[in-house]
Amino acid sequence: MTSSGVDLLTIFVLAAFVGFEVVSKVSTILHTPLMSGANAIHGVILVGAILIAGRADSGLQLGLALAAVLLATVNVVGGFVVTDRMLEMFRSAARGKGGDR
Amino acid sequence: MSTWAQFAYLVAALCFVLALKGLSTPRYARAGNLLGAAGMALAVLTVLADGTLHNGPVILGVIAVGVVIGVPAARVVKMTAMPQMVALFNGVGGAAAALVAVTEFLGSGAPSSVPFRLATVFTVLIGSVSFTGSLVTFAKLQELMTTRPVLLPTGRQLSSGIGIAAVALSVAVLATSSNGLLFCLALAGLVLGVLFVLPVGGADVPIVISLLNAFTGLAVATSGYVLGNTLLIVAGTLVGASGTLLTRLMAQAMGRPLTNILFGAFTATGPAAVAEEVRSVRAGTVEDIAIMLGYAHTVVVVPGYGLAVAQAQHAVREMVELLESRGVTVTYGIHPVAGRMPGHMNVLLAEADVPYQQLKELDEVNPELPSTDVALVVGANDVVNPGARDEPTSPIFGMPIFDVDRARAVVFLKRSMRPGFAGVVNELLYSTRTTLLFGDAKDSVTKLLAAVKQL
């Protein structure tokens with residue numbers, strides 16, 4: 001560990017406040033896309049999975065780590081693509097609005 | 001970790017913050033999502049490029065496989081099936097977090113620090129719960145299993161028992177650093193996840209997905225503690241915090257206290273509230289209702305879950321177009337929680353080419369309702385139940401509703417007299433101003449369409 005435990009805890013607490021703050025004014029129609037987008041962001045566990053796969057020294061560890069890499073990749077790409085598709089639907093709806101006038 | 005890598009992680013973390021910020025405003029939502037993806041790409045490239053990474057080719061291969069699975073799955077899924085897809089992606093994220101913590105624990109060697117063990121225990125437990133919990137929500141939404149609440153005879157006792165076992169195992173792992181006990185803990189978490197979601201009813205599942213999403217975020221944050229990686233902590237915490245807030249907002253929009261949803265109080269009290277009463281309702285014929293609609297000046301359509309299930313959105317759009325060609329003014333009243341998720345109905349109707357400007361929200365529709373000739377409620381119930389407005393004892397009291405009882409006439413297209421998901425009787429069904437047409441929403445609308453054409 002490069003940083004001390006307390007440093008990491010500080011980061012945790014500050015990030016929690018930022019997390020609450022940034023979504024506090026979300027409109028109802030965006031609840032689902034926002035949840036889906038946040039879902040994609042926690043796919044960042046992929047970074048952790050790659051780290052441990054890169055330093056695994058037993059077969060068991062490598063196997064577990066690679067399973068984590070696979071699952072995390074599905075989480076990341078699937079999450080972002082699904083969110084984009086949802087939002088595309090909103091955009092085409094908004095464009096239809098402009099087109100009709 | 002080199003300085004430039006830490007700097008790259010900082011940029012990625014900023015991207016995530018701005019992504020969430022963008023996703024909460026309609027205008028920047030799509031850009032926000034893309035920014036999040038860019039941040040993710042930067043983070044992954046950084047970890048691949050920084051320092052000595054063994055097994056590089058294998059890792060890249062596995063990532064490629066993940067992309068090949070994930071992208072098509074996300075591309076082909078139907079719009080109506082979106083919620084369960086999100087649940088599934090959330091579940092695999094939770095599983096990945098638990099696996100990362102287990103693997104790191106196996107490799108850590110004997111005397112690990114207490115905070116390290118604590119973070120490991122937390123990640124493994126929450127990650128496992130999130131994994132199986134999400135799988136069960138997926139099964140419920142995909143209708144692989146019943147969407148009704150599943151109450152095991154000794155469910156409460158069983159959950160408490162497993163919960164206590166999980167706490168005991170956690171303490172044991174903290175004390176002994178035993179690998180075997182950690183695996184047992186993961187197992188307990190997996191069982192707990194299933195028990196946690198089984199008693200949740202269909203309508204509440206979206207809220208549970210949101211909560212499990214927050215759980216996974218927290219698991220990722222604590223796994224960052226395990227690995228000493230600040231990016232994981234920041235990103236995981238962001239999701240954990242925003243997910244918790246989002247869960248509360250969703251629960252508020254549905255007018256349900258979160259504790260009731262989680263502990264199934266609703267499902268326990270529901271049947272009692274639905275005491276069978278023989279009361280007369282007025283069931284109309286297709287022709288009667290077609291005449292009401294065809295000769296009305298203004299009609300408000302309130303679509304609900306029943307419309308989504310019956311896939312009636314195209315039929316409804318056709319009927320509305322026919323009514324408009326007869327000079328009837330028609331608007332759609334979209335409740336914030338209509339459909340399966342907040343915003344879901346907007347997406348479904350947009351897909352059926354319903355013009356965006358016809359979709360009105362509560363505060364636009366309610367003032368118009370007293371001068372509306374017919375309110376046509378298609379497969380909705382709880383969102384038009386006047387009890388939510390007038391009866392403080394009603395379990396759904398406080399949920400915002402459409403005041404369709406103030407319209408001159410109300411038409412319900414319903415499958416049966418069964419109450420909505422909240423299990424609460426809707427007095428409006430027995431009103432003299434109400435006409436009911438029983439049947440599948442799509443069938444009913446198609447018949448109405450034919451009958452209006454005959455006028």
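This is a predicted model: local features need pLDDT of at least 70, side-chain atom pairs count only at pLDDT 80 or more; totals for chains, interfaces and linings use all residues.
**View 1. The open sheet of chain B.** Let's start with six strands that pair in parallel, in the order β3-β2-β1-β4-β5-β6 (chain B). At the edges stand β3 (359-360) and β6 (434-438) of chain B, each with a single partner strand, so one side of each has no neighbour in the sheet. Helix α12 (residues 286-294) of chain B packs on this sheet, where it touches β1 (298-303), β4 (374-378), β5 and β6 of chain B. The directions of helix α12 and β6(B) make an angle of about 130°.

**View 2. The pairing of β5 and β6 in chain B.** Here you can follow strand β5 (residues 409-414) of chain B alongside β6(B), joined in the parallel sense over five bridges. Look for B:Val411, which has B:Thr435 of β6(B) opposite.

**View 3. B:Leu238 and its surroundings.** Helix α9 (residues 230-253) of chain B holds B:Leu238. With a relative accessible area of 1%, B:Leu238 is buried. Setting aside residues up to four places away in sequence, B:Leu238 touches residues of chain A, A:Ala15, A:Val18 and A:Gly19, and also residues of chain B, including B:Ala13, B:Phe16 and B:Leu20.

View 4. The largest nonpolar core has 108 residues, and the members touching the most others are A:Val44 and B:Leu231. Beyond four places in sequence, B:Leu231 is in contact with A:Val44 and A:Val47, and with chain B residues among them B:Tyr9, B:Ala12 and B:Ala43. Another core, of 37 residues, lies apart from the largest one; B:Ala315, B:Leu323, B:Tyr332 and B:Val378 are among its members.

**View 5. Confidence along chain A.** Chain A has a mean pLDDT of 82, and 85% of its residues reach 70 or more. Confidence in this chain is highest in helix α3 (residues 45-54) of chain A, at a mean of 92, and lowest in helix α4 (residues 59-100) of chain A, at 79. Over residues 93-101 of chain A, pLDDT stays under 50, and the model has six contacts for them beyond four places in sequence.

Definitions and conventions: Residues are numbered from 1 along each chain as its sequence is written. Chains are lettered from A and ligands numbered from 1 in the order in which they are written. Side-chain values use heavy atoms; hydrogens and water are left out. Two strands pair if DSSP finds at least two bridges between them. Helices (H or I, at least four residues) and strands (E, at least two) are DSSP runs, numbered from the N terminus. Contact means heavy atoms within 4.5 Å. Axes are lines fitted to C-alpha atoms, for helices over the stretch in contact, and angles run from 0 to 180 degrees between N-to-C directions. pLDDT is the predictor's confidence in each residue, from 0 to 100. Buried means under 20% relative accessible area, exposed over 50%, partly exposed in between (1.4 Å probe, protein chains only). A nonpolar core is a set of buried Ala, Val, Leu, Ile, Met, Phe, Trp, Tyr and Cys residues joined through side-chain atoms within 4.5 Å.
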